[in-house]
Amino acid sequence: MKSLKVVFLGTPEFAKTSLEAIHQSNHEVVGVITVADKASGRGQKISQSPVKVYASENNIPVFQPEKLRNPEFLEELRKLDADVFVVVAFRMMPKVLFEMPKMGTFNLHASLLPDYRGAAPINYAVINGEEKTGATTFFINEKIDEGNILLQEELDILPDENAGSLHDRLMVMGSKLVVKTLDGLAENSITERPQPQVEHPKNAYKIFKEDTRIDWKAPSKTVHRFILGMSPYPAAFTTLKIGAEEKGLKIFAGKFEITNHGKTSGTLDISKNEFKIYTQDGVYFPQELQLEGKKRMTVKDLLNGFRNFDEIELSV
């Protein structure tokens, strides 16, 4: 099989797994483009992206341009004479960049396009209660996540699976699909096809802080899916009122019961042995939580940290 010269663009762990798969395949990674190193954490230590760490460990040239249109950077990139660019979890690319390689630039997206275009396809697939999702490789064009499809593969979403678990399974599956796509392009055996025209495709917009607040007026199953879809990141939250003080409470996991309770949605029942929140049609029992300023813990450990339960309520 013909070996392709690949430039890889990506940043997080999800991307690193694909880079590793390409590097271990028949194809040659001639360069990697990733974000600039940045200071993070309390000590403001300089951290490198997982993609950069892997590339550096394997002696692959790394580029970290602040601006993707920088003429010097583009000239260096042209010298690599890559056949194809592969993009996994990177930023928006200018046309001058994605049109550079002979075969074009393709992206790995963690959904079955055209559904769940956008920044958070894994989260929304869980939140919306989908039974299956998948991964798509497609040629990049000037419209976000709308280019011609190369390959797609489906993956079942497991019962009560959270976004973190699904992310990890899609990461592995997607890395194999990337190599399969490169093999197909090398052999000229893939026929690209336009994305189906869907009147109302499901969207996966970027998630902001306020989007992660739990709506206790919703049905129990909706609340449960929402918490799973936000877990472990960015994490669904509610606000706990402890006396006069309000603190954010992230909820990562729990279970629910459908029951006719006659209580106001968002009412909290809390004691040394119990933590339950009433929803529209039942009760939700948080099991893993994180109170603002504390570490993640079980509900039992959280309850052990309180002394006066009478002064605790939900601020909805």
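Student: Leaving aside neighbours within four places in sequence, which residues is Thr 105 in contact with?

Tutor: First, this is a predicted model: local features need pLDDT of at least 70 and side-chain atom pairs pLDDT 80 or more, while totals for chains, interfaces and linings use all residues. Residues are numbered from 1 along each chain as its sequence is written, and side-chain values use heavy atoms, with hydrogens and water left out. Contact means heavy atoms within 4.5 Å. Thr 105 touches Phe 85, Val 87, Met 93, Leu 97, Phe 98, Phe 138, Phe 139 and Ile 140.

Student: Is Thr 105 buried or exposed?

Tutor: Buried means under 20% relative accessible area, exposed over 50%, partly exposed in between (1.4 Å probe, protein chains only). Thr 105 counts as buried because its relative accessibility is 1%.

Student: Which backbone oxygen lies 2.8 Å from a polar atom of the Thr 105 side chain?

Tutor: That of Phe 98.

Student: And what volume does the largest pocket have?

Tutor: A pocket is an open set of points on a 1 Å grid over the protein atoms alone, where a 1.4 Å probe fits, with protein on both sides within 12 Å along at least five of seven lines; lining residues have an atom within 4 Å of a point. Volume is the space filled by probe spheres set on the points, joined across faces, edges and corners. Here that's about 1500 Å³. Of its 46 lining residues, Ala 89, Phe 90, Gly 118, Ala 119 and Ala 120 are the closest to the centre.

How values were computed
A polar contact is a pair of N or O atoms within 3.5 Å; within protein, one must be able to donate a hydrogen and the other to accept it, and residues adjacent in sequence count only if both atoms are side-chain atoms.
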